[in-house]
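Here are some notes to read with the structure open beside you. Take the points one by one and find each residue as you go.

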Amino acid sequence: MKTLSPLFLFLLLISANSFLPPPPSASAAYHDYADALAKSILFFEGQRSGYLPPDQRLPWRANSGLSDGWTYNADLTGGYYDAGDNVKFGFPLAFTTTMLAWSIIEFADVMPPAELRNSLVAVRWSSDYLLKSVSQLPNRIFVQVGDPNADHNCWERPEDMDTPRTVYAVDAPNPASDVAGETAAALAASSMAFRSSDPGYAETLLRNAAKAFEYADTHRGAYSDNDIIREGACPFYCDFDGYQDELLWGAAWLRRASSDDTYLNYLQENGKTLGAEDNINEFGWDNKHAGLNVLVSKVLIEEVLESSMVTLQSYKASADSFMCTLIPQSSSSHIDYTPGGLIYRPGGSNLQHATTISFLLLAYANYLERTSQSVNCGNLDVSPYALRSQAKRQVDYILGDNPKGLSYMVGYSDNYPQRIHHRGSSLPSVKDHPAAIACKEGSVYFNSTGPNPNVLTGAIVGGPSEDDEYPDDRADFKKSEPTTYINAPFVGVLAYFAANPDFS
């Protein structure tokens with residue numbers, strides 16, 4: 001018998017392996033998704049405004065913003081600072097609340113009990129504040145606390161801030177459809193999150209959600225159409241994509257929370273005029289279209305509707321189309337990725353796209369799987385498993401499977417950003433430095449090349465550039481600043497993978 005040469009055997013092995021599936025990912029063995037989940041929720045305690053409770057787990061924070069609302073004789077304490085500054089912007093705060101609540105609604109059944117409790121605490125810290133923001137409806141809605149221009153001119157701890165705590169309110173008949181619509185969504189979603197544990201509170205949330213939506217729909221227009229709001233909110237959190245999507249988004253959440261078909265009729269009758277058929281493939285604090293389509297699709301997938309509701313099918317078609325854009329093998333794929341595989345969109349805080357889109361992938365996969373459906377992308381059918389696989393790639397990238405080997409979640413793994421753009425994290429704690437640090441006195445800490453003294457555990461930063469580079473520079477705020485709306489959807493995403501750590 002002729003003996004085969006070692007070279008021939010080597011080439012034969014390579015040829016055979018080229019037809020085999022890739023080896024299972026080692027990520028599931030490497031990443032502790034349950035630990036990342038716990039940290040992602042803990043982050044919100046570092047963003048708290050108001051009186052902090054005895055069980056506050058990030059001890060370097062203390063009470064702040066205790067007089068918020070006094071100029072209107074209103075109590076506007078509480079809520080979250082949205083990012084690394086000390087301003088409470090109602091628009092992104094409401095979106096954060098919606099996504100935290102949606103995380104619980106979709107994934108509570110797989111959350112560890114302790115993290116479910118912590119998630120509900122995180123939602124309530126925000127929903128309590130939002131109830132205060134709508135306490136003077138139907139005539140007034142509070143949309144912001146803090147002068148951002150003065151605030152951004154200082155580098156000081158929230159406990160020390162001496163910049164104006166200007167209250168920005170919108171009075172009828174002036175418009176605030178974007179903020180009021182998102183607030184309606186947040187309160188409605190929160191009511192679902194609390195329905196089993198605190199039904200009385202849930203009813204209060206739902207009742208106020210309806211009031212917020214009524215203001216949004218009755219006084220149509222963007223809140224930045226008001227001069228004083230435009231001066232205070234822009235260019236930070238103007239609604240650049242229009243207010244129409246928030247009206248549909250608010251209605252969709254009210255329908256899901258109340259089962260009131262009045263809101264389903266609203267979605268059908270107003271969808272075309274409010275741009276539901278525009279098929280905008282984006283989801284975030286400024287643009288709700290992709291999330292709206294996924295949310296409404298749940299109704300179409302799981303419920304039997306009257307034939308008169310046929311026009312709602314456009315939402316499902318748009319959701320399918322969005323999913324196809326995310327699959328590289330699809331003929332309609334047009335989402336950009338970095339060389340390392342991260343979803344990338346130009347602009348600041350890119351990881352907000354990765355976390356929100358990952359959430360939608362998982363939520364849509366859940367809806368489809370319950371009815372044994374897939375997404376037809378023309379040249380291929382995409383299964384729920386494929387959607388989850390796409391989400392997992394984003395999750396693992398964020399947690400460290402990327403060209404730099406860097407976790408973009410602070411405090412997770414041994415290699416994470418040390419110089420995040422965050423005042424409270426970068427300045428010494430009031431416990432370590434009791435004396436006040438004035439507005440410009442904080443500059444020495446901002447300009448320091450040393451690591452932040454306080455670890456904002458669980459914070460997800462803005463993320464790398466399109467070439468996967470990350471300089472870990474406090475001054476580069478687009479990359480190094482964490483935000484609540486990056487973290488909020490990731491809570492649900494991590495809950496899924498913590499319950500399915502062997503998914504590959």
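**Notes on disulfides, strands and a helix pair**

1. Let's begin with a link you can find by eye: Cys-154 and Cys-439 are joined by a disulfide, with 1.9 Å from S to S. Please keep in mind that this is a predicted model. The torsion about the S-S bond is -95°, and the link of Cys-154 and Cys-439 is left-handed. Cys-154 sits in the loop between α6 (148–151) and β3, while Cys-439 sits in the loop between α16 (423–426) and α17 (443–446), so this pair ties together parts 285 residues apart in sequence. Are these two cysteines buried or exposed? Cys-154 has 8% relative accessibility and therefore counts as buried; Cys-439, at 16%, also counts as buried.

2. How many disulfides does a search of the whole structure find? The search gives three. Another of them joins Cys-234 to Cys-238, with an S to S distance of 1.4 Å. Its torsion about the S-S bond is about 115°, so the disulfide of Cys-234 and Cys-238 is right-handed. Cys-234 counts as buried at 16% relative accessibility, and Cys-238 counts as buried at 8%.

3. Cys-324 and Cys-377 also form a disulfide, 2.1 Å from S to S. This link is left-handed, with -90° about the S-S bond. It connects distant parts of the chain, 53 residues apart: Cys-324 belongs to helix α13 (residues 313–325), and Cys-377 to the loop between β4 (375–376) and β5 (381–382). Both Cys-324 and Cys-377 are buried. Counting bonded cysteines along the chain, the disulfides follow the pattern 1-6, 2-3, 4-5.

4. Now look at strand β2 (residues 140–145), which is mostly covered, with five of its six residues buried. Strand β1 (residues 88–89) pairs with β2 in the antiparallel sense over two bridges. β2 also runs antiparallel to strand β3 (residues 167–171), joined by five bridges.

5. Last, a helix pair. Helix α4 (residues 90–107) packs with helix α19 (residues 484–499) at an angle of about 5°, and their axes are 8 Å apart. Because of that angle, α4 is roughly parallel to α19. The residues in contact include Phe-95, Met-99 and Phe-107 of α4, and Tyr-485, Val-491 and Tyr-496 of α19. By class, this contact has 11 nonpolar, four polar and no charged residues.

Key:
Residues numbered from 1 in each chain as written. Predicted model: local features only at pLDDT ≥ 70, side-chain atom pairs only at ≥ 80, totals over all residues. Heavy atoms only, no water. Axes fitted to C-alpha atoms, helices over the stretch in contact; angles between N-to-C directions. Helix = DSSP H or I, 4+ residues; strand = E, 2+ residues; numbered from the N terminus. Parallel < 35°, antiparallel > 145°, perpendicular 65-115°, else oblique. Contact = heavy atoms within 4.5 Å. Nonpolar A, V, L, I, M, F, W, Y, C, P; charged D, E, K, R; others polar. Buried < 20%, exposed > 50% of the residue type's maximum accessible area, 1.4 Å probe, protein only. Pairing = 2+ DSSP bridges. Disulfide = S-S within 2.5 Å.
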